[in-house]
Structure formats: structure tokens, C-alpha cells
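Open the model in your viewer and keep the selection tool ready.

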Amino acid sequence: MQKKERRMKLATRLALGFGSLTLIAVGLGVASYYGSARNAFTIQNLADVQTPAVDALKGIQNAMNIIKATQRTMMNLGIDSAIRRRQDDLLTVARTESEAAVERYQSLPKNQEAATLWQQFQTEWQSWCKENTEFLRLFREVEALQVGNPLQLEGELARFRGDHYKLEDQLHDMCQSQKMFEGGEDPAACGFGKWKATQKIENPEIVRL
């Protein structure tokens, strides 16, 4: 009788032990499956959303940096017109790339916080694009003049007027005092003549005048 009871107790203990091991194994399996599924979701989200989002935002930032740099160069009216046109081309490409990057980010899923921040960015972005377009319009107006640096040209023409007023005064003094003066009779040797021989203005009306 005692042996039978001992065997039953032993069997019960073995059953409990194996049952516990089974439960542990099942628990580990469930945890492993859940962890694997979560890791798979995280990796998929990283590949499909997070990485493309970072790439798109970096694309916007890089394009905007290029646009700012080209605009600073284009605002320097003293640079050669060929350089300004090259900057205009770079600006056009950067604007296209920035718009494409905005569209890429716009198409990605976002949580509530990201969606709110993106909406705020969109408002500022539209305002920035409007100002950028106005900058291009004004720049192309200046470029269409084909006079290089308009401010420099204005200063040079004022100096040439001063030179010719001085010549008029010398002529007036000569008529009044009959005193001869030297210089002023060679149109190629005066400031305007020297400038005219080297100027690169392309505006046909100014060239004709």
C-alpha cells in the first residue's frame, strides 16, 4: 500500500514537473513569437516609413540649402552673367528636387504628432515657395536688361557725365579767356571711350545708343 502511494506521489510530481516545463516552453514560444512579430513589424516600418521619411526630409533640407546658396550668389550683381545663369539653372533643379522630396514625405503614413508638425511645415513651405518665386521673377527682370550690374552701370554713366561736364567747362573757359587746353579731343582716350572699348553690355538698345 505504501509503495503504491509512493508511486502515485512520484507520478504526480513527474506530471507536475512535465506540466510546468510544458507551460514554460509554451510561454517562451509565445514570447518568442510575439518578439519576432514585433521585430518584423519594426524592421518593416523602418524600411517602409522611417528611412524614406528621413531621406525625404534630408532631401528637402539639402535642396533648400542649395537654393539659399544660389540666391546669395545671384544677388551679387557684380558677377559675370554666365555665372548668374548657371546659378539660375542650379536653383531650378533644386526647386524641382525639393518639390519631389515634399511629395515623397507627404505620401508616407504619419502619427498624430508628425502629422501636426507636417501641417505647420506646409504652411511655412507655401509661404517660402511664394517668396522664392518672387525672387526669381525679379532676378529674371534684371537679367533681361542685359546690362550686367545695373548699379555699377549707373555709377559709370554718372562718372562719364561728370567728365563731359568738365570738358564743357574747359571749352567755356577757353572761349572766355582764349586759353588753350590739352586733352579732351580724342574720344577713344577719355574715360567713356576706354570703357566703351571693353564693355560687354548685351542690351541692343544701349549698345545702339
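Start at the largest pocket, which has a volume of about 520 Å³. On a 1 Å grid over the protein atoms alone, a pocket is an open set of points with protein on both sides within 12 Å along at least five of seven lines, and lining residues have an atom within 4 Å of a point. Grid points are joined across faces, edges and corners, and a volume is the space filled by probe spheres set on the points.

This is a predicted model, in which local features need pLDDT of at least 70 and side-chain atom pairs count only at pLDDT 80 or more, while totals for chains, interfaces and linings use all residues. Residues are numbered from 1 along each chain as its sequence is written, and side-chain values use heavy atoms, with hydrogens and water left out.

Select Val 147, Gly 148, Asn 149, Lys 200 and Ile 201: of the 22 residues lining the largest pocket, these lie nearest its centre. Then colour helix 2 (81-106), helix 3 (112-145), helix 4 (150-177) and helix 5 (191-198), each of which supplies at least two residues of that lining. Helices here are DSSP runs (H or I, at least four residues), numbered from the N terminus. By class, the lining has seven nonpolar, eight polar and seven charged residues. Ala, Val, Leu, Ile, Met, Phe, Trp, Tyr, Cys and Pro count as nonpolar, Asp, Glu, Lys and Arg as charged, and the others, Gly among them, as polar.

Contact (heavy atoms within 4.5 Å) involves residues including Arg 84, Asp 88 and Tyr 105 of helix 2 and Trp 118, Phe 139 and Glu 143 of helix 3.

What lines the largest cavity? Select Arg 95, Ser 98, Glu 99, Trp 125, Trp 128, Cys 129 and Asn 132. A cavity is a set of points where a 1.4 Å probe fits but cannot get out; this one holds about 30 Å³ of space. Helix 3 gives the largest share of its lining, four residues.

Finish at helix 4 and helix 5, which pack at about 145° with axes 9 Å apart. Select Leu 153, Glu 156, Phe 160, Asp 163 and His 164 of helix 4, then Gly 191, Phe 192 and Trp 195 of helix 5, to see the contact.

Conventions:
Axes are lines fitted to C-alpha atoms, for helices over the stretch in contact, and angles run from 0 to 180 degrees between N-to-C directions.
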